Amino acid sequence: MKKTPSSRRSADDRGFRLGTGFFAFLVVLLVVGIFFELFRTSELSIRKFGFNFWRTTTWDPVAGQFGALPFIWGTLYSAILALVLSTPVALGIAIFLSELSPRVLRTPLTFLTELLAAIPSIVYGLWGIFVLVPVVRKLEIMTPDWLKKFPLFSGPPLGVGMLAAGLILAVMIIPFASSVSREVLKAVPATQREAAYALGATRWEAIQAALRFGRTGILGAIMLGFGRALGETMAVTMVIGNNPRISPSLFAAQHTMAAVIANEFTEADTDLYLSALVEIGLVLFVLTVIINAVSRFLIWSVSREVKVKVVATVAPPAPAEPEAPGAAA
Amino acid sequence: MKPIRLLLAAVVGALLALPGATATAQNVQINGAGATFPYPIYSKWFAEYNKLHPEVAINYQSIGSGGGIRQLTNQTVFFGASDGPMTSEQQQAAAGRVLHLPTVLGGVVPVYNIPGVTGELKFTGTVIADIVLGKITKWNNGAIAALNPGVPLPDLDVTVAHRSDGSGTTYIFVDYLSKVSPEFKSKVGVATAVNWPVGVGGKGNEGVAGLVKQTPGSFGYVELIYAIQNKIPYGSVQNMDGEFVKSSLESVTAAASVAAKQMPKDFRVSITNAPGKGVYPISSFTWILLYESPSDKQRSKIMVDFMKWALTDGQKFAAELGYAPLPAEVVALEMEALKRIKV
């Protein structure tokens, strides 16, 4: 390299920059392309229902009436529920693995946690139907009557429903949140902990300091899991009960955007029906963008506050695609 | 390194050999797509037909009836398959006249899970409609009890389980209910996916079967074969003649024999709630859809030959796979109709 004339080096550099820039631009092109295609294919539905699509609750393929609100509700409800359930567990795993675990346990535990992410979603769904749902039903039957008076716990004990969906999603997103959080905690400079100990901090206090240091990254990890939960389809549709009605109850059967597309795309026989399903995909896409923007903002405001930069990784979930032909029974 | 290289060589070899082998043995490939319900018998048929005619490979994608009709309309497949006949609008959108050819029959049965009730329950169409409309909410409801004297029906909530995915099974079920209950017709209507007033949705026949099996107090509908395979009790349904008939291959075929007497020329007929003795009322044909004057004469000729085989020799495979074979009258009509395809 020493002998290379500077002009050639800069040409190489320019080529390299152009090459990588092109790949980066491809992503932008892809996202814009997806948005454009979703918009174009759902034009019929957009023109017919306009904004009502977002706020009406009837989904009636026979009458050609389509409103997405129950699906939006179900998607957000299930994803937030999963977030609430999984975050303490994921953080606990991350802290234990990075700070407290004996060395012998670290590798197998890390491996097992990450293995959770490798299990196909249909397997989670089957496990949900045969193991989780009966357990949830027992829990629902055991729920005392005074508790059932609250809207959150109302309704008959079906087993399938929001609670089962939230639980299965929580298990599915734990590996994402925990492994990224663990990396973030590992990246906290040793000097931070040493300084804490030097000041006479206990272990718990030192960990608190590390958590505080890495909180933008941890927030990013949690949002990564949230993004996953929004787009998850197969496992959710198998346990959520697929009933497009808005209910505050954890016990009620509900529906999500990704699930309705997977369920109804193959048999959508009219143009309007198909168009409405694509618009559901568009709504999911737009919501995902909004949620990502909000989480970016959150991370940005937190990081500005503590004046540290830890790279936060928030990946958008894959926009819901129609199920591969043949996947539906 | 060595075993890896060997493995690689084997994989590459296999990949190279596969298309080569198929290309020499099979000269014609015909693609079709559509209903999932007849998929097991269709794949059996195509495999058996391929044994007789090794030069022909028929490839079928079970993507759903709606998808099959769409692909036939766009001419991305040579033939379609559907559990419900094409609507007039769909026919107009197609690239030519489409012939509907019934292939086999299926029955949809009401299934239930009531603790303490193992025997067969009797239903009428209106009772089923009232259950799925959410008007009958308890199993000990007077209307159910009146049909089933002596059965210890509990004071248990009814949970309705239906299909969450668009499905020919749903089409057959709601087509029947719309015929027997005007209220169901106006509130819900007929389609492969409908707006259910109550209940929970399961994906696929197996999803509904799973829900019913697990949920005490549940009521659902599945194809006959799924009820048998999953050992779920299923009820008999009152037919137009007032008899309570259990779904069986014979009672489903009987529905078709009655229909054969007034079969419309295009075979687009619903045989739910058919009149006649021993007829099971929630029965239906499933159809293969072919263009009457296709541009590809060679494939068309093969499809006509295949259909002739499927309607005669092929019918013997139906029963073992849980389908009711076509009655002889219908087969005769179809043989006549096949002449309409210009080859």
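Helix axes here are lines fitted to C-alpha atoms over the stretch in contact, and angles run from 0 to 180 degrees between N-to-C directions. Helices (H or I, at least four residues) and strands (E, at least two) are DSSP runs, numbered from the N terminus. The model is a predicted one, in which local features need pLDDT of at least 70 and side-chain atom pairs count only at pLDDT 80 or more, while totals for chains, interfaces and linings use all residues. Residues are numbered from 1 along each chain as its sequence is written, and chains are lettered from A and ligands numbered from 1 in the order in which they are written.

Helix α6 (residues 121–142) of chain A packs with helix α8 (residues 162–187) of chain A at an angle of about 130°, their axes being 10 Å apart. That makes α6(A) oblique to α8(A); angles under 35 degrees count as roughly parallel, over 145 as roughly antiparallel, 65 to 115 as roughly perpendicular and the rest as oblique. On the α6(A) side, the residues that meet α8(A) are Tyr124(A), Gly128(A), Leu132(A), Val133(A) and Val136(A), and their partners in α8(A) are Leu163(A), Ala164(A), Leu167(A), Ile168(A) and Met172(A). Two residues are in contact if their C-beta atoms, placed from the backbone, lie within 7 Å. By class, the residues of this contact of α6(A) with α8(A) are nine nonpolar, one polar and no charged. Here Ala, Val, Leu, Ile, Met, Phe, Trp, Tyr, Cys and Pro count as nonpolar, Asp, Glu, Lys and Arg as charged, and the others, Gly among them, as polar.

Val136(A), which sits in helix α6 of chain A, counts as buried because it has 26 C-beta neighbours inside 10 Å. The cut-offs are 20 or more other C-beta atoms within 10 Å for buried, 12 or fewer for exposed, and partly exposed in between, with C-beta atoms placed from the backbone. Setting aside neighbours within four places in sequence, Val136(A) touches Gly159(A), Leu163(A) and Ala164(A).

Over in chain B, α3(B) is mostly covered, with eight of its nine residues buried. Those buried residues pack against β1 (28–34), β3 (79–82), α4 (88–93), α7 (168–180) and β11 (283–291) of chain B. Just after α3(B) comes Gln75(B), with a positive phi of about 60°.

As for where the chains meet, the contact takes 29 residues from chain A and 35 residues from chain B. The largest share of chain B's side, seven residues, comes from α9(B).
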